[in-house]
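Here is a short briefing to read alongside the model. Take a moment to bring up the sequence and the structure, and then we can walk through a few sites together.

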Amino acid sequence: MNRIDAKRRNVVDHRKKQFAEATYQPQQYPHRLNFYTTPPTADITLEQFEQWAIDRLRILAELEACSFRNKTPAETAAHMEPLLKKYLPLDSTSSNHSQLFAQRQKDHYSHFILRLAFSSTEDLRRRFTRVESMLFRLRFQGDDMRERNAFVRTLNLDWEPVSEEEKRELATELAATVGFSGKRGQPTVQEEEWSKVDWERVPDLIEHRKVFVKRGKAYVPSREQQSMVMTEFNSRLEKALELTARALPRLDEDDRLTPILNHLSKNFIAPDSVYTNSSSAIEGAEISARNIDNLSQHFPMCMQHLHRTLRRDSKLRHFGRLQYTLFLKGIGLNLEECLVFWRSSFNKMSDDEFNKGYRYNVRHVYGDVGGDSNRRSGGYSPYSCQKILTEHAPGNGEAHGCPYRHFDEQNLMALLEGVGINDKVVLQGVRDDKQKQKFHMACNRVFEYVHKNEVRRAKDEGVMTAAQLETIVHPNEYFKRSYLLKNMGKIAKKEGDGDVKMDG
Amino acid sequence: MPHSESTPEQQEAPARTQLTPTMEDTTLNLGNGGLTDEDLLMADVEDVESPPVVAPAAAIEPPSSAPTTKPASPEEDAPVDIKQETKSEVKLEDLFEGMDSDSDDEFSSKNNNNKDVITGQIPPSSPGPAAPAGSNPDLLRVFYQLLFPWRYYFQWLNHSPQPTPDFKFREFSLWLTGGVVFRFQSYATLDLLRKDVFKHLPERIEIGPIYTANPRDRKTFRNSSAFRPIAKELCFDIDLTDYDDVRTCCDKATICIKCWQFITMAIKVLDVALREDFGYEHIMWVYSGRRGAHAWVCDRKARNLDDHKRKALGNYFSVVKGGEKTGKRVNIRRPLHPHLARSLDILKEHFLTDVLEAQDPWREEDRAEKLLQLLPDIKLRQALKEKWEANPGRSSTAKWGDIDSVAKSIPSVNAKDLLEAKQDIVLEYTYPRLDILVTEQRTHLLKSPFVVHPGTGRVCVPIDTNDLEGFDPLDVPTIGGLVNEIDSDSSGMVKKEGEDEDKKGADWERTSIKPYIDQFRGFVHGLLREEREFVRVKREREEEEGKLDF
Ligand SMILES: [Zn+2]
């Protein structure tokens, strides 16, 4: 066996070498879409290096902001169109655009430059993969059908066509999945092109029960191809980024690139982390354990619900504690006060139990204990709306999450009325928002209603800029803005240092 | 010859010769002192090289309901300096998870059910009523030495006769009486695992993932990609506390055969879907010792799934969403996905007998209100409400029948809407409710099969899916009962002493745990057969490829 292995290794290495040499040929871009499997080889100037990266970053940041705002794919596409034209145009082959090569080269190179900047930590890699996937998806959807199919064929995804006979056999099951898009004029089971793939290749379709799956094979209609391509794009990029991360130390030696890369990654600030340090800056506010009850009038509904549940039950379950502790940290409650707050809130518990079960976790959140990286980064970041909306939906007896999303209409109305929001127009608006899954809109609508006088005054007097009054996408921003508005007279005018950078 | 058809396994024979002579000593020791707790526990703790520790489980529950025999608490918060022990990449969610104070999941690492928490250092000489059998060190010693199916256990996790990374790099965590937890333990051989278990006599053992490297060395890896989980059985966890809003017979930690049917129907639905939809074959269902069941899907393909795909699978099986505040908890598209159509077919019968008849969930007026909220058409709701108010105490079965009969007289009712609403209700009351994190995360620890539930003393035995209706959780062997069986039996066995060990057979064969171990053995053999086949095909393919290269 060993001998065979050794032999094989040689052969593979040999092929690899040939392949590697081939990539040093001048690059061609026969397709508009790119899976970025081949690294760039030509030289570019340092100015191009930086400018291309910044342009792409601008696009990615904007895409991320769209997702934080919960924009629909159509809204996102409309929002992005002019920006893409300006910063990262990419025309179809059939357009015969004179800059076709230049466009594709810039797209190709800028992607790889940002890989270098964003491969260093797992968190950056995850976000980069996410936004790059969004960009790819956007372009994939907008691509010319013929060109897109030609591109997909180059990917060599192994899809097995479903025979006419099998289609007939499984007609009932397949029909059940065809009907899901709910449109009239759908192709019938027989008209539709089906392919069979291992279910692991289309987890997104499985997750939402969009396809029929039998003994491990998913039956995917042609219109769902995109899901398979996206999964492939994602997994290839993830793997490539890990390889980049391992190669990164060698790059440090090039001291011309390091400052640029560092600068790039700093500009890609996580909206989640923006509140760790800056927001304790509300001057004159008494952010202390004993004042939380009073301050809670400025909390968004998600946090008010947690606070009320905590007061009612003298306990919260773990995701609730997590979400709330991070929020309190974000409003500027320091570690000592936070410990006091939880200690006094868990009033049915002995000191001993509190110390054993909870003290450590609160300290960990604040970066007071834990591993080096935790302490260096000051612990965990308060959750953004995006995170609260999408991760860990609350189950039985849990109070975390976003009430606009996770409550049913009746309970949500009861909650809102419970905090004194009785205006019929506002409540109807919230119901509509909820139905359209515009949970941010609902939350912002409530904010506007509760602060309508102050907002008007702030605008009139120019106390706050329009940028400071744009859609809230973070519970801590909600608190901060609410507090500032309600205490306008008492607090000196301050710059909005708590704004989410990526949203600009 | 019970073991003759199994694959050879090197450590079994010497270990057994050690075990048997100690049996009598052990049984004599019952109720008779012997080692003190300090000998068993505290002294050994020192021996473990930098034992990773999570905060003590015993420390978390509010005192209101805790046992009155509170231990003298150690001077320090935790027996080991937690700060020093926490890995740098520890996830905050995980930390909080381990700390849940009112978790309704007794088995994942976040367990803290009151009755499971053993706060006292119970002197072995006086196992009074405060000492549940499931954590009595003397009973545990007999159990682990004579009743635990080590050989099959090893084969199950190792997938091969010789120790492979599947076993060596697997995380075990040992939960000791008193709340000390050793996480990230791993063992190069079965013998080492067994020795460690005999030494610590954990009241429970949890199984984690197989890592890229030895879990004990995890701190030597600087980045998380070098030390990461790569495989784990695909697991499902169903717990009756998640059914508290639909069961009327019991609540919290209590169960009876009536509400156990919720688990039975859940197993039916999941088992057939895992086989028919996903093509898995090696699925073991295990009673969790009190009020739930775990599935271990052991097919190679399932073991290698990453978290993203596990999440997709978990959500495929997630139909009843949200909690008490969510209102209508089932919202599914029509036409019904084939999986849901099949599930509904299975569940309809159970709904009529095990829910409507056995649980009678809508007999009281306020509970019937919940049913009304799930129905379409305000006129229908009004008419039913009036009818039921006029007939207080009307049974749930009758009320369910009323829906269709009353609807006939109300022209505004849309028949299709009503049918769909009724289907949704059936699913809301019967479709499996999963603890999704157990399925989604490879790193999630799950209680091992065949350990003893510390609160009930019942053994976590496999459930025979061919006879689901015949399984009664209250009939499952308990550690106390099993040790008694050995005790009374071993006196009779004295005559046979001197006989060949093999002829005498293993001790468990003479107890009521036998059918469960037999079942486990059959399961493991099926799994190993497929593993051998996989290795053979792989070798052939490699040889083919090798030939091409020459
Ligand atoms: Zn019951």
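A:Cys385 is found in helix H19 (residues 385-390) of chain A; helices (H or I, at least four residues) and strands (E, at least two) are DSSP runs, numbered from the N terminus. This is a predicted model, in which local features need pLDDT of at least 70 and side-chain atom pairs count only at pLDDT 80 or more, while totals for chains, interfaces and linings use all residues. Residues are numbered from 1 along each chain as its sequence is written, chains are lettered from A and ligands numbered from 1 in the order in which they are written, and side-chain values use heavy atoms, with hydrogens and water left out.

**The annotated cysteines of chain A**

- UniProt, in an unreviewed entry, lists A:Cys302, A:Cys385, A:Cys402 and A:Cys443 under "binding site"; its positions are given in the numbering used here, feature names are shortened, and annotations may be inferred rather than shown by experiment.
- These residues are spread over 142 residues of sequence, yet they cluster in space, with a largest C-alpha distance of 10.1 Å.
- A:Cys385 is buried, at a relative accessible area of 16% (buried means under 20% relative accessible area, exposed over 50%, partly exposed in between, with a 1.4 Å probe and protein chains only).
- Setting aside neighbours within four places in sequence, A:Cys385 is in contact with A:His440, A:Val473, A:His474 and A:Pro475, where contact means heavy atoms within 4.5 Å.
- A:Cys443 sits in helix H23 (residues 439-450) of chain A and counts as buried at 13% relative accessibility.
- Not counting residues up to four places away in sequence, A:Cys443 touches A:Tyr404 and A:Tyr478.

**The zinc ion and chain B**

- Four protein donors, B:Cys249 (SG), B:Cys250 (SG), B:Cys256 (SG) and B:Cys259 (SG), lie 2.2 to 2.4 Å from the zinc ion; donors are N, O and S atoms within 2.8 Å of the metal (3.2 Å for Na, K and Ca), and water is not among the atoms, so sites may look incomplete.
- The four donor atoms subtend angles of 101 to 119° around the zinc ion, which makes the arrangement tetrahedral (four donors count as such if all angles lie between 85 and 135 degrees).
- For reference, the ideal angle for four tetrahedral donors is 109.5 degrees.
- Along the chain, the zinc donors follow the spacing C-C-x5-C-x2-C.
- B:Cys249, in the loop between strand S5 (234-239) and helix H9 (257-276) of chain B, and B:Cys259, in helix H9, are 10 residues apart.
- B:Cys249 is partly exposed at 30% relative accessibility, whereas B:Cys259 is buried at 0%.

**Strand S3 of chain B and its partners**

- Eight of the eight residues of strand S3 (residues 204-211) of chain B are buried, so the strand is largely enclosed by the rest of the structure.
- Strand S1 (residues 170-175) of chain B pairs with S3(B) in the antiparallel sense over five bridges (two strands pair if DSSP finds at least two bridges between them), and B:Leu174 stands opposite B:Ile205.
- S3(B) also runs antiparallel to strand S8 (residues 446-447) of chain B, joined by two bridges, with B:Glu206 opposite B:Lys447.
- Two bridges likewise join S3(B) to the antiparallel strand S4 (residues 229-231) of chain B, where B:Tyr211 stands opposite B:Pro229.

Terms used:
Four donors count as tetrahedral if all angles lie between 85 and 135 degrees; four count as square planar and six as octahedral if opposite donors are over 155 degrees apart and all others between 65 and 115; anything else is irregular.
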